[in-house]
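Dear colleague,

Please find below the structure that I am handing over to you. My notes on what was found in it follow directly after.

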Amino acid sequence: MIKPSSKTIRFLNRTRKSISFRKLMASPRVSFTILFETFQKILTLNNRILELIAGMGDKLSGDYIFDHHYIDTICQEAADLVHQLIIGLNALSFGKYNDLMAAFHRINDDIKQELQGKPVIPKGDDTIFYDFLNRDSEEMVGAKNANLAEVKHALGLTIPNGFAVTTRAFFSFMHYNRLWDRLDPIFNAFHHEEMTSEEASAQIQEWIRGAKIPSSLKKTVHRSLQQLSKVLGSRSPYLAIRSSAWGEDTQASFAGQYHTFLNEPADNLLKCYQKVIESTFSSSAMEYRRQKGFSENEVAMSVGCQAMVNAKASGVLYTVDPMAPHEDVMLITAAWGLGAPLVEGRAQADHYRISRRSPYKRHDESIACKAERLSLKDTGGTEYIKVPEDQARQACLTDAQLLKLAETGLQIEAHFKTPQDIEFAVDHEERLYILQARPLNIKINRSIMARELPDIVCKYPVIFHGKGFIAQRGIGAGKVFIIDQDEDLDQFPQGAILVAKHTSPRFAKVIRKTNGILTDVGSPTGHMATIAREFRVPTIVNMQNATQLLKQGQEITVDAEENKVYEGTIKELLTYSMTEEPIEETYEYRLLKRVLKKIGLLNLLDPTAKNFIPSACQTFHDITRFVHEKAVEELIHREYDHHHDTNTTTGKLKLALPLDLILIDIADGLAKGVKHTILPEHILSLPMHAFVEGLIRPGAWSTEPMSVDLGSFMSSMTRTFSTGLSAPENIGRNMAVISKPYAHIGLRLGYHFTMIDSYIDENWNSNYAYFRFLGGVTEADKRSRRAQLLANILVQNDFRVEVRGDLVVARIKKLSTEIMQTKLHLLGVLVAFSRQLDVQMLSDQHIQLYTDTFNQLMRGSA
């Protein structure tokens with residue numbers, strides 16, 4: 001049993017005793033020491049929340065046992081932490097983000113409702129076309145509909161045209177007829193075995209048959225049918241109407257438990273819809289749910305409404321043969337006509353066992369005498385038709401179709417990362433339709449495979465072993481795709497391995513496409529690691545040199561179980577990982593999974609996007625990311641020289657350079673006893689010390705005089721004052737506010753202005769550096785060239801950079817202490833090197849010239 005830690009409670013108590021956030025908000029002027037203490041508390045809260053989210057994600061791995069009490073307690077912990085986080089940000093910003101509380105209460109109310117056994121109704125429309133659905137739509141349309149839409153959009157496979165009547169419509173139907181209040185006593189009696197499933201079902205189904213469909217739902221369905229008719233070019237299409245309930249086609253298949261209607265006229269849709277809802281509470285479905293540990297409160301039914309496929313042949317593909325899973329073959333069964341008799345076990349069918357490896361040779365086949373087929377009636381519905389004797393004994397799939405099925409099945413398996421049970425149809429134009437894709441539940445003796453694996457994997461060269469941290473366990477293989485900039489994500493291919501210098505939550509854009517993630521640097525508790533755990537993508541971070549050793553297009557296997565990366569694709573290892581016993585999905589497991597969607601999902605990916613606002617926060621993770629970004633902004637833009645305490649240590653930094661720099665130490669940024677004159681070795685502030693070491697690097701600071709024409713000089717002076725970048729009383733002042741982990745540096749060198757704000761400690765999630773540069777003494781084109789030079793150098797060194805004219809803004813964050821110090825060192829060198837460089841930027845060629853000169857300087861050869 002997991003016992004939740006009391007660390008959070010103790011931390012919050014210490015926070016409340018040490019500082020009153022609300023008291024800060026009421027104070028018009030507060031010393032910077034107090035504001036900085038608030039900022040540090042925000043960082044600590046941020047890191048604790050990320051650790052908590054990571055811990056909740058780990059519990060879903062199947063290696064832990066937990067109960068409802070754990071979920072209640074951990075959700076309360078998360079709520080307390082996020083609440084304090086919001087108060088802290090409003091203290092730092094003097095109440096600028098009070099509307100965050102509305103988002104917090106909205107999210108927390110949803111979590112409380114889930115904990116009380118009342119599933120939250122997803123927001124959205126009553127009907128949604130498959131064109132607008134994907135795998136992430138499971139709560140809205142059930143796994144069957146969501147998976148079908150996914151294979152269309154992610155893999156480009158053909159599915160029937162159509163739409164889903166959503167779970168929201170189901171809840172609307174139930175509420176409109178006031179059925180829940182009547183059902184609760186029935187559910188309770190059934191749960192305590194005071195009623196049989198037959199008795200409970202009979203009563204519930206009677207109420208559903210007597211219920212009315214809301215007029216709003218009728219109108220929405222009618223509009224969707226009209227739209228589908230236009231797409232199909234038919235005034236009255238015939239439909240396949242299929243269930244897609246919560247839990248169906250997941251690890252629990254619910255196969256055959258709910259009604260399906262084939263070749264129904266569009267006018268019958270609402271009548272069939274109501275019958276599907278009725279079948280939700282059949283005695284067999286209720287008994288199945290009880291045996292699988294599903295609560296009746298977890299029931300939600302979506303219904304798929306699809307254009308009927310006039311199938312010439314239909315069948316089922318298992319990507320692994322359930323009866324011989326160790327033989328590396330797939331199983332295909334097929335029959336003439338529609339597939340319903342085959343899946344119901346009432347039809348003779350052809351059987352094929354085909355190799356899982358290209359060119360997909362047949363191990364064996366059995367062609368049955370298929371004397372009849374289920375066919376469509378012209379007036380709707382289906383009928384059995386006798387198959388001509390010569391056709392009855394023919395194979396109903398061609399060699400080309402078998403090859404296409406094998407390729408398609410393995411493509412779907414690779415995407416969903418588990419063996420698949422796939423229903424398909426081939427129409428009279430020989431087009432292959434995927435009708436359903438769900439996990440294939442099989443039992444495999446993995447010990448046999450485990451004994452054979454060492455002899456297999458030793459044949460493949462090991463590229464990495466034991467480097468970095470595993471953020472999400474698993475095994476994946478594919479071609480390396482190196483991400484240098486965000487735009488590369490638009491070209492990311494299906495099934496590739498994402499390799500990048502840094503972790504980034506923007507990788508969520510391709511998380512469904514990738515088979516694994518490797519990064520040079522990064523934290524296993526950062527935002528991207530949370531996303532990788534959410535989608536179960538094998539991920540190793542902080543490998544140091546993955547981008548250098550791996551080549552674009554190189555085929556590799558990522559073993560994030562043993563922390564290894566192999567050259568080539570080890571199919572046996574992939575098969576072994578996919579045949580792992582499925583996690584037993586208890587009620588508590590599913591409950592934690594649902595609440596984690598309100599706590600751990602990250603939707604706010606880009607701080608520069610228009611939707612990076614409080615009202616767009618959908619989870620506690622969104623709020624946490626928003627607060628962190630805005631807290632850093634608030635600290636960066638604070639006017640430090642007006643808000644430091646009189647009891648802080650202040651002195652002038654003594655350097656061999658012509659630079660007057662005042663240091664204000666607010667907490668342990670300088671050695672004890674230092675007063676007025678400060679030497680570099682007195683600086684204990686991690687970012688400040690690294691910056692100064694770069695500033696005084698031999699060869700960086702040029703002392704040669706630069707000639708400037710009078711026009712450029714007067715232009716720069718006019719611009720300096722007119723833009724408000726520096727008031728006259730501050731001209732010539734260079735100042736830094738520091739503490740042990742923090743530095744805010746403001747410099748005026750020549751006629752440009754540089755600001756650096758950085759925080760570095762042992763927790764990677766807290767670390768960041770912000771760089772801003774503007775101005776110069778020359779004409780605009782020379783200043784712009786220097787700005788481009790700075791941008792080029794910063795991009796080379798992993799900063800995210802924005803350039804507007806001669807304004808350069810760069811950011812970097814969430815790297816280790818050592819790496820962050822090297823980045824601050826680089827900024828010191830860059831500030832010294834570029835101090836008067838705008839004068840020399842005579843042409844665009846000088847941008848590359850001085851970039852090369854800087855790189856030589858950093859390598860120590862200048």
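**The helix H26 and what covers it**

Helix H26, residues 845-859, comprises 15 residues and spans 22 Å from its first C-alpha to its last, close to the 21 Å expected at 1.5 Å a residue. Please bear in mind throughout that this is a predicted model. The buried residues of H26 are His846, Ile847, Tyr850, Thr851, Phe854, Asn855 and Leu857. Their cover includes helix H24 (780-796) and helix H25 (817-833). Just after H26, Gly860 adopts a positive phi of about 85 degrees.

**The strands around E30**

Strand E30 (residues 807-813) is mostly covered, with five of its seven residues buried. Two strands pair with E30. Strand E28 (residues 768-775) runs antiparallel to E30 and is joined to it by six bridges; here Ala769 stands opposite Ile812. Strand E29 (residues 800-804) is likewise antiparallel to E30, over five bridges, and in this pairing Arg800 faces Arg811. E29 and E30 form a hairpin with two residues between the strands, in which Gly805 has a positive phi near 65 degrees.

**The nonpolar cores**

The largest nonpolar core contains 65 residues, and those with the most contacts inside it are Phe39, Ile71, Leu100, Ile599, Phe620 and Ile623. Helix H4 (residues 68-92) supplies the largest share of this core, 13 residues. At least three residues of the core come from each of domain 1 (28-118 + 599-618) and domain 5 (648-859).

Which residues does Ile71 touch, leaving aside its neighbours within four places in sequence? Ile71 is in contact with Phe66, Leu115, Glu588, Leu591, Leu592 and Val595.

**The chain as a whole**

The chain has 862 residues, of which 56% are buried, and its secondary structure comes to 26 helices and 30 strands. Of the contacts between residues at least 6 apart in sequence, 67% join residues at least 24 apart. The accessible surface of the chain is about 37,400 Å², and carbon and sulfur atoms account for 49% of this area.

With kind regards

Methods
Residues are numbered from 1 along each chain as its sequence is written. This is a predicted model: local features need pLDDT of at least 70, side-chain atom pairs count only at pLDDT 80 or more; totals for chains, interfaces and linings use all residues. Side-chain values use heavy atoms; hydrogens and water are left out. Helices (H or I, at least four residues) and strands (E, at least two) are DSSP runs, numbered from the N terminus. Buried means under 20% relative accessible area, exposed over 50%, partly exposed in between (1.4 Å probe, protein chains only). Contact means heavy atoms within 4.5 Å. Accessible areas come from the Shrake-Rupley method with a 1.4 Å probe; for residues, only the protein chains shown count as cover. Two strands pair if DSSP finds at least two bridges between them. A nonpolar core is a set of buried Ala, Val, Leu, Ile, Met, Phe, Trp, Tyr and Cys residues joined through side-chain atoms within 4.5 Å. Domain bounds come from an automatic or database domain assignment. The expected span of a helix is 1.5 Å times one less than its number of residues.
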